[in-house]
Amino acid sequence: MTEELMQMYLNVVHFWDSLISSRGIFFEAAQLTLALTAVSIFIAIFIGLMFAFMKISGIKVLEWIANLYIYVVRGTPLIVQIFVFYYGLTEIWMISGFWSVALGLAFHNGAYIAEIFRGSIQSIGKGQTEAGRSLGMSQTLTMRRIILPQAFRRALPPLGNQFIIGLKDSSLAAFIGVSEIFAVATTQGANTFDYMTWLLVSAVWYLILVFLLTLVVGAVEKKLAASD
């Protein structure tokens, strides 16, 4: 029993030593992870808005295209989508692993964000649209000035969750050689033959990033709530 406790103590000491001593390389990897997430989500928001408008457009062809896109994304694994972007795009022009993953993540998250925006837009009462039109606003202006601001407030909580999912999904970039957090952890594990310690270290870094992202989303929600 004493030996087991001693071994547990040594494992804990080893873990904390690994976490502290590797903070430099993991901090760089965390910056790359955040950049990858930010770029992919930024693109995904525009993709999501476009397909959300297509779904509520009332034009059958556009609705069919949007439904097909969402069905394909939901029906295929994310890792397959990333590899298709990586190997498919590199046959057309040279593109880095970073941008392959960013576009793959944007393509994937865009479908879920489209559904979030569609639901939030359709949750706004029709009276809001009628009020805008009665003031002489065009349909586009009514959407931009009245509907979208309210829809964004309602969409923010699920969008925040999707951002966090996108952050964690960025770990798949390791499979095409992008040196984000998970890739650094597996490299360190291969070098030291101690995968468990380094995977736990990577988990700590992901928890830190998710915590910070949660704080940012919460702060934005409070600011929007205060402005109502």
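Val216 is in helix H9, residues 195–227. Helices here are DSSP runs of H or I with at least four residues, numbered from the N terminus. Val216 counts as partly exposed, at 47% relative accessibility. The cut-offs: buried is under 20% relative accessible area, exposed is over 50%, and partly exposed is in between, with a 1.4 Å probe and protein chains only. Val216 and Gln139 sit 77 residues apart in sequence, and their C-alpha atoms are 33 Å apart.

A word on the source. This is a predicted model, where local features need pLDDT of at least 70, side-chain atom pairs count only at pLDDT 80 or more, and totals for chains, interfaces and linings use all residues. Residues are numbered from 1 along each chain as its sequence is written, and side-chain values use heavy atoms, with hydrogens and water left out.

Next, the loop. Phe193 lies between H8 and H9. Its phi is near 55°, a positive value in a residue other than glycine. Phe193 is exposed, with a relative accessible area of 77%.

Now helix packing. Take H5, residues 97–122, and H7, residues 139–169. Their axes come within 8 Å and cross at roughly 140°. Axes are lines fitted to C-alpha atoms, for helices over the stretch in contact, and angles run from 0 to 180 degrees between N-to-C directions. H5 and H7 are therefore oblique to each other. On that scale, under 35 degrees is roughly parallel, over 145 roughly antiparallel, 65 to 115 roughly perpendicular, and the rest oblique. H5 passes H7 in a right-handed crossing.

Who makes the contact? On H5, the residues include Leu105, Asn109, Tyr112 and Phe117. On H7, they include Met143, Arg154, Leu159 and Gln162. Contact means heavy atoms within 4.5 Å. By class, the contact has 13 nonpolar, five polar and two charged residues. Nonpolar covers Ala, Val, Leu, Ile, Met, Phe, Trp, Tyr, Cys and Pro; charged covers Asp, Glu, Lys and Arg; the others, Gly among them, are polar.

Stay on Asn109, in H5. Is it buried or exposed? Asn109 is buried, at 0% relative accessible area. Beyond four places in sequence, Asn109 touches Ile41, Ala44, Gln162 and Gly166.

On to the cores. A nonpolar core is a set of buried Ala, Val, Leu, Ile, Met, Phe, Trp, Tyr and Cys residues joined through side-chain atoms within 4.5 Å. The largest has 19 residues. Phe51, Tyr69, Phe117 and Leu159 touch the most other members. Helices H2 (23–55), H3 (60–75), H5 and H7 each give two or more residues to this core. Leaving aside neighbours within four places, Tyr69 is in contact with Ile47, Phe51, Ala106, Phe107, Gly110 and Ala111.

A second, separate core has 16 residues, including Ala29, Leu167, Ala185 and Trp205. Ala29 is in H2 and is buried, at 1% relative accessible area. Ala29 and Trp205 are 176 residues apart along the chain, yet their C-alpha atoms are separated by 9.5 Å.

Last, H2 against H8, residues 181–192. The angle is about 145°, with the axes 8 Å apart. Ile25, Phe26, Ala29, Ala30 and Thr33 of H2 meet Ile181, Val184, Ala185 and Gln188 of H8. That contact divides into seven nonpolar, two polar and no charged residues.

Terms used
A crossing is left-handed if the near helix is turned anticlockwise from the far one by less than a right angle, and right-handed if clockwise.
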